[in-house]
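Biologist: I am new to this structure and would like to be taken through it step by step. Could we look at it together?

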Amino acid sequence: MYYLKKDNELLKVFISSRCGEGCLEYTIVRRALKELLENTQMITSYVFEDTFPTTGKIVPEYLKHLDDSDICLFLIDN
């Protein structure tokens, strides 16, 4: 395993894009990016689909992962 941070930590990448109904192509791209990045064994990544069901609010959980990330990858389509 390769580490880019001290204390043998992997880089944390936050991957985000449009979500929800009618956005299947974004879901596919997020999942593919996550798999490709993690296959390098240098990166751990977060995508919304990894969030476990909760009775609490989803936004604070999402923001916690965003704040904890070393790199943020936003897929923006206009």
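Modeller: Helices (H or I, at least four residues) and strands (E, at least two) are DSSP runs, numbered from the N terminus. This is a predicted model, in which local features need pLDDT of at least 70 and side-chain atom pairs count only at pLDDT 80 or more, while totals for chains, interfaces and linings use all residues. Residues are numbered from 1 along each chain as its sequence is written, and side-chain values use heavy atoms, with hydrogens and water left out.

Biologist: Which pattern does the protein chain follow along the sequence?

Modeller: The protein chain holds 2 helices and 3 strands. Read in sequence order, these elements give the pattern β-α-β-α-β.

Biologist: Which residues of H1 are buried, and where do they fall around the helix axis?

Modeller: Buried here means under 20% relative accessible area, exposed means over 50%, and partly exposed lies in between (1.4 Å probe, protein chains only). The buried residues of H1 are Tyr26, Arg30 and Lys34. Seen down the axis, with directions taken from the helix axis to the C-beta atoms, these residues fall within an arc of 70°, so they line one face of the helix.

Biologist: What do the buried residues of H1 pack against, and which exposed residues does the face turned away carry?

Modeller: Taking contact to mean heavy atoms within 4.5 Å, the buried residues of H1 pack against strand E1 (11-16) and E2. The face of H1 turned away from that buried side carries the exposed residues Leu24, Ile28, Glu35 and Leu36.

Biologist: Which residue has a positive phi although it is not a glycine?

Modeller: The residue sits in the loop between helix H1 (24-38) and strand E2 (43-46), and it is partly exposed, with a relative accessible area of 37%. Its phi is about 65°, and the residue is Gln41.

Biologist: Which residues make the nonpolar surface patch?

Modeller: Patches are made of residues with over 30% relative accessible area and no salt bridge, where like charges are joined within 9 Å and nonpolar side chains (Val, Leu, Ile, Met, Phe, Trp, Tyr) within 5 Å. A salt bridge is a side-chain nitrogen of Lys or Arg within 4 Å of a carboxyl oxygen of Asp or Glu, and accessible areas come from the Shrake-Rupley method with a 1.4 Å probe, only the protein chains shown counting as cover for residues. One member lies in the loop between E2 and helix H2 (58-68) and is partly exposed at 35% relative accessibility. The patch covers about 330 Å² and is made by Phe48, Ile58, Val59 and Leu63.
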